[in-house]
Amino acid sequence: MYSAAHIQSVAKREFFAYSVAMGAIKGIILDKDGTLFDYGKVWGPVLSSAISRGLAKAKMPEKRKNECISDFCRIVGVDGDGNTYPDGIIFRHDKLLSATLRVLSLTFHYRMNPWRVWKSVKGILNHEDFGLSERLEHMTFPYVKEVIKAMHDRGYIIGIVTTDTDISTELFLKKMEITEYISFRRTKDSPTHKKPNPEAIREFCSEFNLESSEVAVVGDTIVDMEFAKEGKAGYAVAVLTGSGDIEGLGEKADAVYPELKDILSDPVLFS
């Protein structure tokens, strides 16, 4: 899909390779969904199915069923074919108010019960009733263990900061066989303020006696990049397997890659 391993210009990447001294980065905080794996491929069918069930309970018009599901999938941010939409709720948690208004607008447009629709959307955001354990049995996550182990072998302290739940996060980490490499974890269930609030970065630094400039953040959304900036992280890396927002991520990240495995050639983290 993308012709170059590094979407950022060569000049910009080389600038960071020289400006960030060898060994300056000691810890790496990664997002999970859309960063460790392709969000659309993994969550698209799951969320689309959940949206369909929720809208059926809200009495969506049968004659406009496909149109209705498609419109709500776009607001959530992913559809059953694995397409992602950068302005969806799942990628822009900082835009919840505007997303709520969009949901209400569609609710009235399709003449559905607003409370049932919003309850369904909240369930989707909380990853409720997805039968995730059974679904994960049939999923594969190529390269994830290889990349995370390479980071670990380089001596990096590795953390995961995600808006997913504790239970779901644990299921994914076990499936990807990387639990042993993760020394720090913050999820939706943690008392820590959520991204882009930088509290998780501060806690990571405090726990491992690091300066924020010694921390790299790897994510797939604008929120992840703002999280890095607000936390004064030393390096911000974006991958395109989540929101896929090339322009937005290109403006805010120090380096952008098509997917996680391409980070193995990063001149700062793997010089």
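User: Which residues do ring pairs link into a cluster?

Analyst: The cluster is made up of Phe 37, Tyr 39, Trp 43, Phe 91, Phe 141 and Phe 172. This is a predicted model, in which local features need pLDDT of at least 70, side-chain atom pairs count only at pLDDT 80 or more, and totals for chains, interfaces and linings use all residues. Residues are numbered from 1 along each chain as its sequence is written, and side-chain values use heavy atoms, with hydrogens and water left out.

User: What makes Phe 184 and Phe 204 an edge-to-face pair?

Analyst: A search of the whole structure finds 10 aromatic pairs. In the pair of Phe 184 and Phe 204, the centres are 5.1 Å apart and the planes stand at 75°. Rings of Phe, Tyr and Trp (its six-membered ring) pair if their centres lie within 6.5 Å; planes under 30 degrees apart are stacked, those over 60 edge-to-face and the rest tilted. Phe 184 belongs to strand β3 (residues 184-186) and Phe 204 to helix α9 (residues 199-208), so the pair ties together parts 20 residues apart in sequence. Helices (H or I, at least four residues) and strands (E, at least two) are DSSP runs, numbered from the N terminus.

User: How do you know whether Phe 184 and Phe 204 are buried or exposed?

Analyst: Buried means under 20% relative accessible area, exposed over 50%, and partly exposed in between (1.4 Å probe, protein chains only). Phe 184 has 2% and Phe 204 has 0%, so each of them counts as buried.

User: Why is no disulfide assigned to Cys 73?

Analyst: A disulfide is a pair of cysteine sulfur atoms within 2.5 Å. The sulfur of Cys 68 is 9.6 Å from the closest cysteine sulfur, in Cys 73, which is too far for a bond. Cys 73 is thus in no disulfide, and by this rule the count comes to 0. Cys 68 is buried at 0% relative accessible area, and Cys 73 is buried at 2%.

User: How do you know that the charged end of Lys 195 sits over a ring?

Analyst: The rule asks for NZ of Lys or CZ of Arg within 6 Å of the ring centre and within 35 degrees of the ring normal. The charged end of Lys 195 sits over the ring of Phe 227, 5.9 Å from its centre, so the distance is within the limit.

User: Why are the buried residues of α7 said to line one face of the helix?

Analyst: The buried residues of helix α7 (residues 144-153) are Val 144, Val 147, Ile 148 and Met 151. Seen down the axis of α7, these residues fall within an arc of 90°, so they line one face. The arc is that of the directions from the helix axis to the C-beta atoms.
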